[in-house]
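Let's take a guided walk through a protein fold, stopping at a few places along the chain. Keep the 3D view open beside you as you read.

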Amino acid sequence: MADTALLAVLLAAAAGILAGGAWVAGRRKAADRQRPAFRSSPHYTEGLHCLAAGQIETAVHELGKVLRDYPEAVEVQQVLGHLQREAGRVERAIEIHRGLLARSDLTRAERAHALANLGTDYRKAGFLDRAAQAYADALDVDPGNLHALVGRQKLAEEQRHWREAYEIQTRLARMRKSDDALVLGFLQTEMAKEALRAGRREDAEEAFRTALSLDRRVFPAHLALADLWLERDPRRAAHILEDAIAAAPERAYLAFPALQKAYAAGNEPSRFAALCERLVGQDPRDWRARLALARQLRAEGRAEEALGLLMRALEANPHVLLVHLEVWRTLRALGALGPEEQRYVTTVEESALYVDPHICTACRYRADDMLWRCPHCHEWNTFVEERVGPAAGMR
């Protein structure tokens, strides 16, 4: 009896194992049926690896092989069109996305995405009216398509339609649940500048204040607001600029010219020197604060102190041409230059092009001036001063 019971238990266990195995095998077959066939292609896997490694051309080549074997692969066509656009072959990207849209088997999401991609193709090619229409068509198909909304927002920025850009950015922030206050602040600043150009001073001031209420790091709003008050109330202008430096000390040098005027108009020129000394104390490599302070000391007849400051600035920043020039000017003020050296300094002052390099932290685009919006990747507030390490032997 015990043997019979044991046999029954063993048979039940075996049946359970077989049933479990059959269930797992069934699930695996179902998954295989749901998985698109093109994902089994070695070219698809290799294309993804190349894409992850930043090898765009090789990725395009491999994914092109996938499409030859699986021409119905919508996902691969979408990716390939995007890569062609990023590689600068916009006409090819347009051709791919138009071909996709000619198909009748696209889902609603796929059609909206293809239309949004086509809009970006047109925008990159400079066909702004076509881009606007493609984005509008994408949003008609899928009002929540993020790609189309982002494209419309960028298009509005490029056309300087700042209010429209602001409204779309606000909508995007709600949809993505993201903190876009800094970008919204910059867009408010552009709207304020337009109001100022139109002579609507009160509207402009209100918009600048709105920008700063969104994010205190919107430095151009501080600068413009201080400029509005500089003649009427220089102390108030100075206070606005001091707030700007407290919010973004790395941008302090942009406020130096206006601050010097404000302090001088308020009969407090010594406050500028104190500010520069404080900034140098916070960041010993801040050559701009040292340079501004050295210029003021030289103007006051304290050339030897100015030279000491400049030499310390050079030790940390030997690549900065403006510091070298200020050293020559200070040596000239000290009477330490002969006729030939003086002639050299005069020639440089009159004819040299001073490069003040800044770099975009988002895409590495280089510019010879401070820009608030990158002309390459179109991101806001991404430019920083390009720092180069000291020369060999000066560490």
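The paragraphs below start with the whole protein and then visit its parts in turn.

This is a predicted model, in which local features need pLDDT of at least 70 and side-chain atom pairs count only at pLDDT 80 or more, while totals for chains, interfaces and linings use all residues. Residues are numbered from 1 along each chain as its sequence is written, and side-chain values use heavy atoms, with hydrogens and water left out.

Let's begin with the overall picture. The protein has 19 helices and 3 strands; helices (H or I, at least four residues) and strands (E, at least two) are DSSP runs, numbered from the N terminus. Of the 395 residues, 42% are buried, where buried means under 20% relative accessible area, exposed means over 50%, and partly exposed lies in between (1.4 Å probe, protein chains only). A contact here means heavy atoms within 4.5 Å. Among the contacts with a separation of 6 or more, 47% join residues 24 or more positions apart. The protein exposes about 21700 Å², and carbon and sulfur atoms supply 54% of that area; the areas come from the Shrake-Rupley method with a 1.4 Å probe, and for residues only the protein chains shown count as cover.

Our next stop is helix 3, residues 56-69. Its 14 residues reach 20 Å from the first C-alpha to the last, close to the 20 Å expected at 1.5 Å a residue; the expected span is 1.5 Å times one less than the number of residues. Which residues of helix 3 are buried? They are Ala59, Val60, Glu62, Leu63, Gly64, Val66 and Leu67. An α-helix has 3.6 residues a turn, so residues three or four places apart point the same way. The buried residues of helix 3 pack against helix 2 (42-52) and helix 4 (74-86).

On one side, His43 lies in helix 2 and counts as partly exposed because its relative accessibility is 24%. Not counting residues up to four places away in sequence, His43 touches Glu62, Lys65, Val66 and Asp69. His43 and Leu63 are 20 residues apart in sequence, yet 6.4 Å apart in space, C-alpha to C-alpha. Leaving aside neighbours within four places in sequence, Gln84 is in contact with Val60, Arg89, Val90, Arg92, Ala93 and Ile96.

Arg160 has a positive phi of about 60 degrees although it is not a glycine, and at 44% relative accessibility Arg160 counts as partly exposed. Glu164 lies in helix 9 and is also partly exposed, with a relative accessible area of 29%. Beyond four places in sequence, Glu164 touches Arg152 and Ala156.

Now turn to a pair of helices. Helix 13 (residues 234-247) and helix 14 (residues 256-265) pack at an angle of about 145 degrees, with their axes 8 Å apart; axes are lines fitted to C-alpha atoms, for helices over the stretch in contact, and angles run from 0 to 180 degrees between N-to-C directions. In this contact, Pro234, Ala238, Leu241, Glu242 and Ile245 of helix 13 meet Ala258, Leu259, Ala262, Tyr263 and Ala265 of helix 14. These residues divide into 9 nonpolar, no polar and 1 charged, where Ala, Val, Leu, Ile, Met, Phe, Trp, Tyr, Cys and Pro count as nonpolar, Asp, Glu, Lys and Arg as charged, and the others, Gly among them, as polar.

Further on is helix 18 (residues 321-333), whose buried residues are Val323, Leu325, Glu326, Val327, Arg329 and Thr330. Just after helix 18, Gly335 takes a positive phi of about 75 degrees.

The walk ends in the loop between strand 2 (366-367) and strand 3 (383-385), where Thr382 lies. Is Thr382 buried or exposed? Thr382 counts as buried because its relative accessibility is 10%. Leaving aside neighbours within four places in sequence, Thr382 is in contact with Ile359, Cys360, Thr361, Ala362 and Cys374. His378 also lies in the loop between strand 2 and strand 3. Phi of His378 is near 65 degrees, a positive value in a residue other than glycine, and at 16% relative accessibility His378 counts as buried.
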